[in-house]
Amino acid sequence: MSRMLQNISWLEPWMLLLKGENVSAQLATIFKGLAIPMAGILAFLFIWQGAANSIDTSLGQFPGPVQVYEQSFNLVKEHKRERQKEVEFYERQDERNAKKLAKNPDAKIKVRPYTGKPTFFDQIVTSLITVMSGFLVASVIAIPVGIMIGLNSGLYSALNPLIQLFKPVSPLAWLPLVTMVVSALYVSKDPMFAKSFVTSLITVSLCCLWPTMINTAVGVSAITQDLQNVSKVLRLNFFTHVTKIVLPSSIPMMFTGLRLSLGIAWMVLIAAEMLAQNPGLGKFVWDEFQNGSSNSLGRIMVAVLVIGVIGFMLDRVMLMLQKKVSWDKSAVLR
Amino acid sequence: MAGDIHLFNRTASTTVNKGSNIMVKTHLEISDVSIEFPTPSGPFKALDGVDLKIKEGEFVSLIGHSGCGKSTVLNIVAGLYQATTGGVLLDGREVNTPGPERAVVFQNHSLLPWLSAYENVELAVKQVFKGKKSKAEIKEWIEHNLSLVHMDHAMHKRPDEISGGMKQRVGIARALAMEPKVLLMDEPFGALDALTRAHLQDSLMEIQNELNNTVIMITHDVDEAVLLSDRIVMMTNGPAATVGEILDIELARPRDRIALADDSQYNHYRHEVLRFLYEKQSKVEDIDQHRPKKVEAVEEEAPQKATA
């Protein structure tokens with residue numbers, strides 16, 4: 001129990017405070033860990049409110065914290081309303097079908113899916129699915145390629161100029177090309193995924209391949225000579241060498257790359273969704289912008305904050321994963 | 001074999017042979033080995049005509065000043081470096097690639113930090129005995145080797161959870177578990193404190209008493225060399241280092257460090273080695289020059305591709 005609590009470091013001073021141990025020191029820790037960040041946030045909110053009051057746009061005043069707070073409740077309400085409508089839609093449909101069956105037991109029953117517009121929360125889910133798919137595709141490509149070029153300096157020299165060339169390319173530059181290629185090649189009568197999804201996914205993958213690839217390669221090429229000698233003396237075959245020596249020793253660097261990649265993927269995704277019209281957060285922002293109601297800016301600001309929070313949480317999840325797979329538990333990961 | 005040793009012990013002669021030795025049966029032969037490393041200012045000859053014959057079950061120490069090429073000799077025997085001329089014969093067959101029959105104990109343990117002591121040994125055992133031993137036998141063999149080095153109590157700990165001496169013990173267990181024809185030890189105790197080193201030397205003598213392995217050990221430590229070895233090979237300073245003198249150590253085994261501390265024979269051997277190192281191959285005049293640094297740099301950075 002105490003060990004578990006130790007892991008939740010911000011709880012520790014509170015626990016000690018309750019026990020009455022060294023009260024003034026605990027209060028100081030709490031002040032530093034809680035009060036100072038809170039003060040920072042409060043100061044930001046004041047400046048934001050002040051600045052917002054003096055910015056008048058064609059869509060009304062720029063939203064301050066209060067408006068944004070209200071809009072976030074509106075978005076929740078809309079979501080609930082939409083869900084309610086969906087439930088009612090299915091109820092009506094079931095009723096109709098039941099009547100039909102009562103009249104004629106052999107009647108063909110069609111269940112039509114609900115086609116209401118996606119709410120803010122549906123769009124968050126879509127964005128998360130898209131970003132994770134794109135990130136997975138990129139990782140599946142980048143990690144093996146990174147290992148190969150890390151092991152083989154010739155291959156590295158061959159690929160490095162290409163990596164350096166494509167690494168700084170903006171997603172917006174890729175998108176038109178990807179869109180055209182997807183429309184040309186991804187042709188099927190009953191597509192498993194929407195084209196907009198595939199386009200966003202590929203754009204995200206193209207942009208977030210590089211940090212993982214480069215960092216994996218660096219990690220792999222930095223394996224100490226000693227461990228390589230061990231591998232040689234043991235005559236490990238290529239597969240064992242990679243799984244027992246190369247992969248574990250490059251995991252820290254690999255995860256640095258993966259975290260950078262996921263961050264980029266999330267950033268790129270919003271832009272990609274705006275242009276590809278994939279029904280995610282990017283499309284939400286774009287639609288609100290096009291909509292141009294007096295609430296739009298507030299709603300966009302909610303999206304901005306949510307995007308930030310989700311980006312932060314994605315990074316935390318990767319950090320947790322890194323801590324789980326990392327063999328060096330003493331390393332400080334942040 | 002054992003009889004031979006006792007015979008030697010009784011006569012206890014203190015011959016210092018130069019370059020050659022009378023062998024009953026050669027197990028490992030280092031034959032006229034020279035190696036050159038390419039440097040920007042032309043090839044650098046680290047070793048020149050190293051000749052050494054080692055019989056089975058013999059414990060040979062290589063001693064010399066740092067940078068004289070001791071590690072290079074060991075790396076050539078291990079197959080990690082390729083000799084420019086000459087070669088290494090093990091049981092009459094040339095070896096020039098690394099392999100588990102020439103297991104290496106590295107100076108800084110070189111355990112895989114993500115594997116436990118057991119798993120580190122397991123990696124080696126599975127590599128050598130895959131298909132030859134059953135699962136249960138493999139497990140037993142790993143545990144046997146870990147208990148040989150007195151690590152059975154901590155075999156499921158990872159390297160960062162055990163002390164430096166314990167890591168080196170595991171490194172030795174890993175090498176022993178491969179049942180090597182030759183055990184190569186590259187300053188195995190160099191990074192340890194004096195007490196731990198003494199413990200490990202005692203353990204090594206104990207193991208050697210039991211298994212009678214053929215060992216080549218590199219060391220800086222004169223006491224260690226005299227205490228452990230059957231023969232001490234003293235190397236001249238580089239560049240173009242070679243075997244300077246060979247000293248037969250004919251002290252009765254098992255050897256006891258405390259008893260030997262006052263032993264005149266033991267002290268005589270120590271003197272021989274010290275005289276070689278500090279009088280005949282004194283390095284004092286080199287300290288201010290650039291060469292020793294360069295030698296070391298070349299030794300450490302010499303790439304594997306340095307094959308001619």
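This is a predicted model: local features need pLDDT of at least 70, side-chain atom pairs count only at pLDDT 80 or more; totals for chains, interfaces and linings use all residues.
Residues are numbered from 1 along each chain as its sequence is written, and chains are lettered from A in the order in which they are written.

Me: Why is B:Val77 called buried?

Reply: A residue is buried if 20 or more other C-beta atoms, placed from the backbone, lie within 10 Å of its own, exposed if 12 or fewer do, and partly exposed in between. B:Val77 has 23 C-beta neighbours inside 10 Å, and therefore counts as buried. This residue lies in helix H2 (residues 70-78) of chain B, where a helix is a DSSP run of H or I with at least four residues, a strand is a run of E with at least two, and both are numbered from the N terminus.

Me: Which residues does B:Val77 touch, not counting residues up to four places away in sequence?

Reply: Contact requires C-beta atoms, placed from the backbone, to lie within 7 Å, and by that rule B:Val77 touches B:Ile30, B:Val88, B:Arg102, B:Val182, B:Leu184 and B:Ile216.

Me: What makes strand S10 (residues 231-235) of chain B largely enclosed by the rest of the structure?

Reply: Five of the five residues of S10(B) are buried, so the strand is largely enclosed. B:Arg231, B:Val233 and B:Met235 point one way, whereas B:Ile232 and B:Met234 point the other way. In a regular strand the side chains alternate between the two faces of the sheet.

Me: How do you know that S10(B) is joined to strand S4 (residues 59-63) of chain B?

Reply: Two strands pair if DSSP finds at least two bridges between them; four bridges join S4(B) to S10(B), and these strands run parallel. B:Ile63 stands opposite B:Met234. Five bridges join S10(B) to strand S11 (residues 243-248) of chain B, with the strands antiparallel, and B:Leu247 is the bridge partner of B:Ile232.

Me: Which classes make up the side of chain A that touches chain B?

Reply: Ala, Val, Leu, Ile, Met, Phe, Trp, Tyr, Cys and Pro count as nonpolar, Asp, Glu, Lys and Arg as charged, and the others, Gly among them, as polar. The contact takes 15 residues from chain A and 17 residues from chain B, and the side of chain A has eight nonpolar, two polar and five charged residues.

Technical notes: Two residues are in contact if their C-beta atoms, placed from the backbone, lie within 7 Å.
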